[in-house]
Amino acid sequence: MTVQELAEKLSLKILAGRESLSREVTGGYTGDLLSWVMSRLPENAAWLTVMGNINAVAVASLKDAACIILTDSAPLDAEALEKARQLDLPVLLSERNSYELGLKVAELLR
Amino acid sequence: MIRVFYDLHLHSCLSPCGSEDMTPNNLVNMALLLGYGIIALTDHNSCRNVPAAVRAGAARGLPVVPGMELCTQEEAHVICLFPTVETALGFDRYVAQRIPKIRNRPEIFGRQTVMDERDTVVGEEETLLLNAACVSVNHVRGLARGFGGTAFPAHVDRSAYSVLSSLGSLPPEADFTAAEISAKGDVQALLHRNPELRDLILLKNSDAHYLENMPDPSASVLLPEKSPECLIAALNREIQTEWNRG
């Protein structure tokens with residue numbers, strides 16, 4: 001499933017990374033402690049988090065995640081948005097929390 | 001007693017998010033130009049540019065307090081300050097053993113440049129300095145005091161990397177005597193929400209990562225002398241002084 005399809009099926013708002021929406025998503029990961037995520041986020045995963053800061057964008061890029069999905073309507077700060085656009089990293093937004101959204105993502109990726 | 005304008009939270013080119021222009025000499029010269037009486041160098045999880053900054057400062061009569069901005073296990077930032085380069089480097093060694101050995105990727109996180117007091121590049125720090133150390137926020141001040149220094153939570157009003165955003169309130173076990181509130185922070189609102197801050201020395205520092213973000217001095221402290229030792233004693237409440245957020 002591509003990031004685009006995920007966004008459509010789950011009604012996620014697209015905040016950045018419009019040129020990379022055709023990337024395949026092969027899994028998911030939830031986590032908000034950047035140092036934890038840094039060693040565990042799988043490649044091509046959709047990373048569900050409330051951390052909308054520039055370091056989160058850098059970590060997602062480092063680990064080659066398919067996209068960031070901000071949950072609980074967490075804000076994406078200006079610096080992070082700029083960085084995500086520079087890196088063309090897809091950042092999506094959901095009103096649901098990480099648990100609820102995670103369940104939906106898992107269903108779609110099964 | 002002398003009124004000394006301070007900035008106790010500054011980054012050099014060693015911090016990956018720090019500008020390449022934040023060299024030991026540029027930091028010292030800018031601080032002097034702006035009218036500061038004492039500054040601290042507090043790079044993320046490292047004191048490797050402290051010796052150079054202290055020497056550059058000494059050459060121009062500006063005391064530079066050896067320091068570090070430690071990222072605790074809980075991802076809260078705590079400023080640690082030390083009386084001497086030796087004690088700071090001792091703390092640096094302690095921390096180095098407790099951060100994950102993940103290599104920096106300069107093209108993603110930025111360079112981590114080590115310099116000497118002539119601003120000559122002497123190396124690059126290879127371990128990414130943005131990770132969390134295996135040190136709990138509750139232990140930091142005690143540890144810093146063991147090295148003759150002190151510690152206070154950084155930018156407690158920030159929505160990320162602050163003790164308040166990670167934990168909700170300042171844990172009494174942490175035994176902090178001071179706390180930093182961002183320059184634009186609403187002190188009254190913060191004290192209302194977090195009354196445990198009311199008895200602390202409330203500091204205002206720049207957290208500047210770029211030269212242009214070093215502001216005109218406003219916060220000051222009355223000290224018997226302009227030295228790291230005196231400043232640390234004041235923060236530890238070992239001497240009676242007056243702090244003014246300006």
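Chain A and chain B touch through 13 residues of chain A and 13 residues of chain B, where contact means heavy atoms within 4.5 Å. The model is a predicted one, in which local features need pLDDT of at least 70 and side-chain atom pairs count only at pLDDT 80 or more, while totals for chains, interfaces and linings use all residues. Residues are numbered from 1 along each chain as its sequence is written, chains are lettered from A and ligands numbered from 1 in the order in which they are written, and side-chain values rest on heavy atoms, with hydrogens and water left out.

The size of an interface is often given as the accessible area lost when the parts come together. Here about 1,000 Å² is buried between chain A and chain B, and carbon and sulfur atoms give 62% of that; buried area is the accessible area (1.4 Å probe) that two parts lose on being put together, summed over both. On the chain A side, A:S35, A:M38 and A:L62 supply 45% of what chain A buries against chain B, more than any other three residues. What the interface of chain A and chain B lacks is salt bridges: the rule finds zero of them across it. A salt bridge here is a side-chain nitrogen of Lys or Arg within 4 Å of a carboxyl oxygen of Asp or Glu.

Now for the space inside. There is one cavity of 30 Å³ or more, and the largest cavity holds about 50 Å³. A cavity is a set of points, on a 1 Å grid over the protein atoms alone, where a 1.4 Å probe fits but cannot get out, and lining residues have an atom within 4 Å of a point. Grid points are joined across faces, edges and corners, and the volume is the space filled by probe spheres set on the points. The lining of the largest cavity includes A:S35 and A:M38 from chain A, along with B:F109 and B:Y161 from chain B. Helix 2 (34–40) of chain A gives the largest share of this lining, three residues. Helices (H or I, at least four residues) and strands (E, at least two) are DSSP runs, numbered from the N terminus. By type, the lining splits into six nonpolar, three polar and no charged residues; Ala, Val, Leu, Ile, Met, Phe, Trp, Tyr, Cys and Pro count as nonpolar, Asp, Glu, Lys and Arg as charged, and the others, Gly among them, as polar.

Over all chains, the structure holds 10 salt bridges. One of them pairs A:D64 with A:R23 at 3.3 Å, N to O. A:D64 sits in the loop between helix 3 (54–62) and strand 4 (67–70) of chain A and A:R23 in the loop between strand 1 (13–16) and strand 2 (27–30), so the pair ties together parts that are 41 residues apart in sequence.

In chain B, B:E20 and B:R111 meet in a salt bridge at 3.8 Å, N to O. This pair ties together parts 91 residues apart in sequence. B:R111 also meets B:E124, at 2.6 Å, N to O. Through shared partners, B:E20, B:R111 and B:E124 are joined into one network. B:R111 is partly exposed at 37% relative accessible area, a class lying between buried (under 20%) and exposed (over 50%), with a 1.4 Å probe and protein chains only.

Conventions:
On a 1 Å grid over the protein atoms alone, a cavity is a set of points where a 1.4 Å probe fits but cannot get out, and a pocket is an open set with protein on both sides within 12 Å along at least five of seven lines; lining residues have an atom within 4 Å of a point.
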